[in-house]
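Biologist: I have just opened this one and would like a careful walk through it. Could you take me from the overall picture down to the details?

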Amino acid sequence: MFASAARRLATVAATGVRTYASEAGAKKGGSSLPLFLGLAGAGAGLYFAKERGMLDDILGAPPTGSPAAAAAFKPDYNAVRSAIEDLLDTNPDYDDGSYGPVLVRLAWHTSGTYDKNTNTGGSNGATMRFAPEANWGANAGLSVARDLLEPVKQKFPWISDLWTLAGAVAVEAMGGPHIPWRPGRSDYAPEQFVALPDGRLPDGDKNAKHIRDIFGRMGFNDQEVVALIGAHTLGRCHSDRSGFEGPWTNAPTTFSNLFFKELTENKWHKKKWNGPLQYEDKSGQLMMLNTDMYLLWDKKFKPYVQQYAKDEEAFFRDFAAAFGKLLELGVPFKEDAPAAASPTPKQ
Ligand code: HEM
């Protein structure tokens, strides 16, 4: 059976059909759109064929044929957690040596489309697999994260909460707080999917009103907004993704309150370059977005910035609560779902 499974996997590989992480290059021109739609459709088709059990024998899915066997199946989220952790540092040449930051950004962007007024968007459905969301400018570069997680989806095909779990695991693995997390999302079929309007995610060159409009729509207050944006202690901007360039701190693969320390203690001036408006420090090595600077300039945001710069414990506590809330926006948890089924973090 293993040999035939391998042959069938090879066929999948040879046809080039993706199963979960389908995306055209985010910055590709309009001419590639029909091709993308075709591939995304084929990928989604295969994915849902897999959901029906056709590939279960290859991928070790829970047995869908027998109701008794299916009822006995217990998803092992700790095994998924370990598989995600194992991926984080597999490529020393990628950015600063960890995929952690881009996984956190994926978890945030899949969740941050939520609109509390219409109860649309959010991480349920994994809708970023589909155009147009996959191709929004705001999501440029996130194919890296989705592709990275594809082998985990193949190994644990029953999981439909992978992107949010990966974000929570990445924060913890990089030294951050334990993020409350529970399963409950499903993967929408293409026909269930209603395209969201673009513009639900924030733009880095905008001001405090924009920040409040975007995060208010999700249901966050000022304190939660400041805590959440503290995630910019991780990772960096890429000129070939967002157009902005550089990291916010000198320790971009460690979760800490350094973003707030840099924001308050360093001196920031407009970067002179051909790119979009951003700020840099004297060394020219570190950066801030315009929206980051508004956390300091806005008199209601600022006290939280100052608090988190001084008190890392407070930041960790508030970030864990706000990020946990973000990941759950719009998810229709079952009434009997456990309050917090977070797998135990590895020590
Ligand atoms: C006003 C709100 C925000 C704006 C305008 C913003 C904007 C950006 C931009 C432009 C980038 C660079 C993307 C690239 O070029 O690769 C970025 C990266 C990142 N953002 Fe945000 N962001 C915001 C809020 C958040 C929140 C709430 C989180 C998480 C809770 C977050 C987590 C991250 C992370 C971890 C990265 C680094 C990704 C990497 O290294 O690949 N951001 N953000």
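**A walk through the model**

Modeller: Among the contacts in the protein with a separation of 6 or more, 72% are between residues 24 or more positions apart. Please keep in mind throughout that this is a predicted model.

Biologist: OK, and how many helices and strands does the protein have?

Modeller: The secondary structure comes to 14 helices and five strands. Of the 347 residues, 53% count as buried, and the accessible surface comes to about 15,600 Å², of which 55% belongs to carbon and sulfur atoms.

Biologist: Where does His 232 sit?

Modeller: His 232 is in the loop between helix 10, which covers residues 222–229, and strand 1, which covers 236–237.

Biologist: Then helix 10 interests me. How many of its residues are buried?

Modeller: Seven of the eight residues of helix 10 are buried, so this helix is largely enclosed by the rest of the structure. The buried residues are Asp 222, Glu 224, Val 225, Val 226, Ala 227, Leu 228 and Ile 229.

Biologist: What covers them?

Modeller: The cover over the buried residues of helix 10 includes helix 9 (208–218), helix 11, helix 12 (290–297), helix 13 and helix 14 (312–328).

Biologist: Changing topic: how many aromatic pairs are there?

Modeller: A search of the whole structure finds 20 aromatic pairs. In one of them, the rings of Phe 156 and Trp 158 have centres 6.1 Å apart and planes at 75°, so this pair is edge-to-face. Phe 156 and Trp 158 are both buried.

Biologist: What about Phe 260 and Tyr 308, how are those rings arranged?

Modeller: Phe 260 and Tyr 308 form a tilted pair, with 5.4 Å from centre to centre and 55° between the planes. This pair links distant parts of the chain, since Phe 260 belongs to helix 11 (residues 258–265) and Tyr 308 to helix 13 (residues 302–310), 48 residues apart.

Biologist: Are those two buried or exposed?

Modeller: Phe 260 counts as buried because its relative accessibility is 0%, and Tyr 308 likewise counts as buried at 0% relative accessibility.

Biologist: Which residues do ring pairs link into a cluster?

Modeller: Ring pairs link Phe 255, Phe 259, Phe 260, Tyr 308, Phe 315, Phe 316, Phe 319 and Phe 323 into a cluster.

Biologist: And which charged residues lie over the face of a ring?

Modeller: Arg 212 lies over the face of Phe 301, at 4.1 Å from the ring centre, and Lys 271 lies over the face of Trp 273, at 5.0 Å from the ring centre.

Biologist: How many bridges join strand 4 and strand 5?

Modeller: Strand 4, residues 279–280, pairs with strand 5 in the antiparallel sense over two bridges. Met 287 in strand 5 is the bridge partner of Glu 280.

Biologist: What does Asn 250 contact, apart from its sequence neighbours?

Modeller: Leaving aside neighbours within four places in sequence, Asn 250 is in contact with Leu 258 and Leu 286. The C-alpha atoms of Asn 250 and Leu 286 are separated by 7.5 Å, although these residues are 36 residues apart along the chain. Asn 250 is in the loop between strand 2 (246–247) and helix 11, and is exposed, with a relative accessible area of 62%.

Biologist: Last one: where is the cis peptide bond?

Modeller: The peptide bond from Ala 131 to Pro 132 is cis, with omega near 5°, and Pro 132 lies in the loop between helix 6 (100–111) and helix 7 (143–155). Ala 126, in the loop between helix 6 and helix 7, has a positive phi of about 50° although it is not a glycine. Asn 119 also has a positive phi of about 50° without being a glycine, and Asn 119 lies in the loop between helix 6 and helix 7.

Note on methods
Residues are numbered from 1 along each chain as its sequence is written. This is a predicted model: local features need pLDDT of at least 70, side-chain atom pairs count only at pLDDT 80 or more; totals for chains, interfaces and linings use all residues. Side-chain values use heavy atoms; hydrogens and water are left out. Helices (H or I, at least four residues) and strands (E, at least two) are DSSP runs, numbered from the N terminus. Rings of Phe, Tyr and Trp (its six-membered ring) pair if their centres lie within 6.5 Å; planes under 30 degrees apart count as stacked, over 60 as edge-to-face and the rest as tilted. Buried means under 20% relative accessible area, exposed over 50%, partly exposed in between (1.4 Å probe, protein chains only). A charge sits over a ring if NZ of Lys or CZ of Arg is within 6 Å of the ring centre and within 35 degrees of the ring normal. Two strands pair if DSSP finds at least two bridges between them. Contact means heavy atoms within 4.5 Å. Accessible areas come from the Shrake-Rupley method with a 1.4 Å probe; for residues, only the protein chains shown count as cover.
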